[in-house]
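Happy to walk through this one with you.

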Amino acid sequence: MSEDKAGSPDTGGYDIRKVLKALPHRYPLLLVDRVKSIDLGERIHAVKAVSMNEQFFQGHFPGRPIMPGVLQIEALAQAAGVLGIETFELAGTGKLVIFMAIENAKFRSPVEPGCLLDLEVEFTRKSTRVCKFKGRASVDGNTTCDVEFTAMIADAPAD
């Protein structure tokens, strides 16, 4: 990790190439397009550009396409995955960040094609095995989803 002239950690963003190095997800289930900022061990701000070309819009709902709430939570979990993998320096090790629990999920407003979905996640508890997170998805500053969730860091399944 690089440091700026003042000696504090670089919290610059990640383009899609760096996101792909941190996450095992690929199209059509990769739901993080860019990391705007990351404060290792603390929080991440990522984004998902929601396009009409998303496969889920074909059936949810024709005539009024809305991003499913569970996919908003998945996008937040993927952002948390980047935060966990980078915090614990696990990129390239094959380790996965896997959901264990979802709590207190609330959906506040729909996410439609053409939106830029902001994904803000912070650790509420962390260890090298199990972590808890609090996440908020929003569009133009308006909250679309709040959730708390737990994930474990695990080995990838054997082939």
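Q: What do S4 and S5 form, and how many residues lie between them?
A: S4 and S5 form a hairpin, with 4 residues between them. A word on the basis: this is a predicted model, where local features need pLDDT of at least 70, side-chain atom pairs count only at pLDDT 80 or more, and totals for chains, interfaces and linings use all residues. Residues are numbered from 1 along each chain as its sequence is written, and side-chain values use heavy atoms, leaving out hydrogens and water.

Q: How do you know that S4 and S5 pair?
A: Two strands pair if DSSP finds at least two bridges between them, a strand being a DSSP run of E with at least two residues, numbered from the N terminus. Strand S4 (residues 116-125) is joined to S5 by 8 bridges, so by that definition the two strands pair. They run antiparallel, and Arg136 in S5 is the bridge partner of Glu120.

Q: What joins S5 to S6?
A: Their antiparallel pairing goes over 10 bridges, with strand S6 covering residues 142-154. Val139 stands opposite Asn142 in S6. This is also a hairpin, with 2 residues between the strands, and Asp140 in the turn has a positive phi of about 55°.

Q: Why is S5 called largely enclosed by the rest of the structure?
A: Buried means under 20% relative accessible area, exposed means over 50%, and partly exposed is in between (1.4 Å probe, protein chains only). Because 7 of the 10 residues of strand S5 (residues 130-139) are buried, the strand counts as largely enclosed.

Q: What makes S1 and S3 edge strands?
A: The open sheet has 6 strands in the order S1-S2-S4-S5-S6-S3, with antiparallel pairing. Strand S1 (34-39) and strand S3 (96-107) each pair on one side only.

Q: Which elements of the sheet does H2 touch?
A: H2 packs on the sheet and touches S1, S2, S3, S4, S5 and S6, where contact means heavy atoms within 4.5 Å. The direction of H2 makes about 55° with that of S4; axes are lines fitted to C-alpha atoms, for helices over the stretch in contact, and angles run from 0 to 180 degrees between N-to-C directions.

Q: Why is Gln78 called buried?
A: Gln78 has a relative accessible area of 1%, so it falls under the cut-off for buried. This residue lies in helix H2 (residues 69-87), a helix being a DSSP run of H or I with at least four residues. Among the residues Gln78 touches are Leu23, His25 and Val32.

How values were computed
Lists of a residue's contacts leave out its neighbours within four places in sequence.
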